[in-house]
Amino acid sequence: MIALGDAIKATTPHYHRYLIISDPQSNDGMVVMVTITSADGTWDKDDECVLAPEEWPELIKSSVVEFSTCRCGKCSPELQRAIDRGEFNRIRKPSLDVVRKVITAARKSKKMPDIAKEYLAQI
């Protein structure tokens, strides 16, 4: 079952990491998922939240949270099926502090769609 703070990694190149920042169990299955990608200068759309490997050991270098490309919808079962098919691997969850940092930045982000902001977890 998909839950707040779950983290997954794509099994295909670019092997992006994704983080669930909504609580599907308390909002009728709505999932807000953001992509975490390397802060190497090639992704300049989002720079509002940068995560360091020291904050989340799943990262190998500083990374940005892509609020502009977030996914939002009732897709918990579909996402779970994609994990079960091997399209994503579950990875170690970030700490609650990191999840809070991402959600706080998402609330302030001008790049995150307003509809997604409505479903952000209350933590």
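## An exposed residue in a loop

Asp28 is exposed, with a relative accessible area of 58%. The cut-off for that word is over 50%, so a value of 58% puts Asp28 in the exposed class. Bear in mind as you look at it that this is a predicted model. Asp28 sits in the loop between E2 and E3, and its backbone has a positive phi of about 60°, although Asp28 is not a glycine.

## The chain as a whole

Let's step back and view the whole fold. Three helices and six strands make up the secondary structure of the chain.

How does the radius of gyration of the chain compare with that of a compact globule? For 123 residues, a compact globule would have a value near 14 Å, and the chain has 13 Å, which agrees. The C-alpha trace spans about 35 × 30 × 25 Å along its principal axes. Of the 123 residues in the chain, 46% are buried. Among contacts between residues at least 6 apart in sequence, 60% join residues at least 24 apart.

## Surface and charge

The chain has an accessible surface of about 6,600 Å², and carbon and sulfur atoms account for 51% of that area.

How many positive and negative side chains are there? The chain carries 18 positive and 18 negative ones, and the centres of the two sets lie 1 Å apart.

## The loop between E1 and E2

Two backbone features turn up in this loop. Pro13 and His14 are joined by a cis peptide bond, with omega about 15°. His14 has its place in the loop between E1 and strand E2, which covers residues 17–20. For background, most peptide bonds are trans.

Tyr15 is found in the loop between E1 and E2 as well. Tyr15 is not a glycine, yet it has a positive phi of about 55°. Its relative accessible area is 39%, so Tyr15 counts as partly exposed.

## Lys9 in strand E1

Strand E1 runs over residues 7–10, and Lys9 is part of it. Lys9 is partly exposed, with a relative accessible area of 26%. Leaving aside neighbours within four places in sequence, Lys9 is in contact with Tyr15, His16 and Arg17, and also with Glu87, Phe88, Asn89 and Ile91.

Where in space is Ile83 relative to Lys9? The two residues are 74 residues apart in sequence, while their C-alpha atoms are 9.4 Å apart.

## Thr35, buried in strand E3

Move on to strand E3, residues 30–38, where you will find Thr35. Is Thr35 buried or exposed? Its relative accessibility is 3%, so Thr35 counts as buried; the cut-off for buried is under 20%.

The side chains of Thr35 and Arg71 are joined by a polar contact of 3.1 Å. Not counting residues up to four places away in sequence, Thr35 touches His16, Arg17 and Tyr18, as well as Val64, Val65, Glu66, Thr69 and Arg71.

## Ser109, buried in a loop

Ser109 belongs to the loop between helix H2 (96–108) and H3. With a relative accessible area of 2%, Ser109 is buried.

## Tyr119, after the helices

Our last stop is Tyr119, in the segment after helix H3 (114–117). Tyr119 is partly exposed, at 25% relative accessible area. Beyond its neighbours within four places in sequence, Tyr119 is in contact with Ser22, Asp23, Asn27, Met30, Val32 and Cys72.

One of these partners is Asn27. Asn27 and Tyr119 are 92 residues apart along the chain, and 7.3 Å separates their C-alpha atoms.

Notes. Residues numbered from 1 in each chain as written. Predicted model: local features only at pLDDT ≥ 70, side-chain atom pairs only at ≥ 80, totals over all residues. Heavy atoms only, no water. Helix = DSSP H or I, 4+ residues; strand = E, 2+ residues; numbered from the N terminus. Buried < 20%, exposed > 50% of the residue type's maximum accessible area, 1.4 Å probe, protein only. Contact = heavy atoms within 4.5 Å. Polar contact = N/O pair within 3.5 Å; in protein donor to acceptor, adjacent residues only side chain to side chain. Rg over C-alpha atoms; globule rule 2.2 N^0.38 Å. Areas by Shrake-Rupley, 256 points an atom, 1.4 Å probe, with all protein chains shown as cover. Lys, Arg positive; Asp, Glu negative; His and termini not counted. Charge placed at Lys NZ, Arg CZ, Asp CG, Glu CD.
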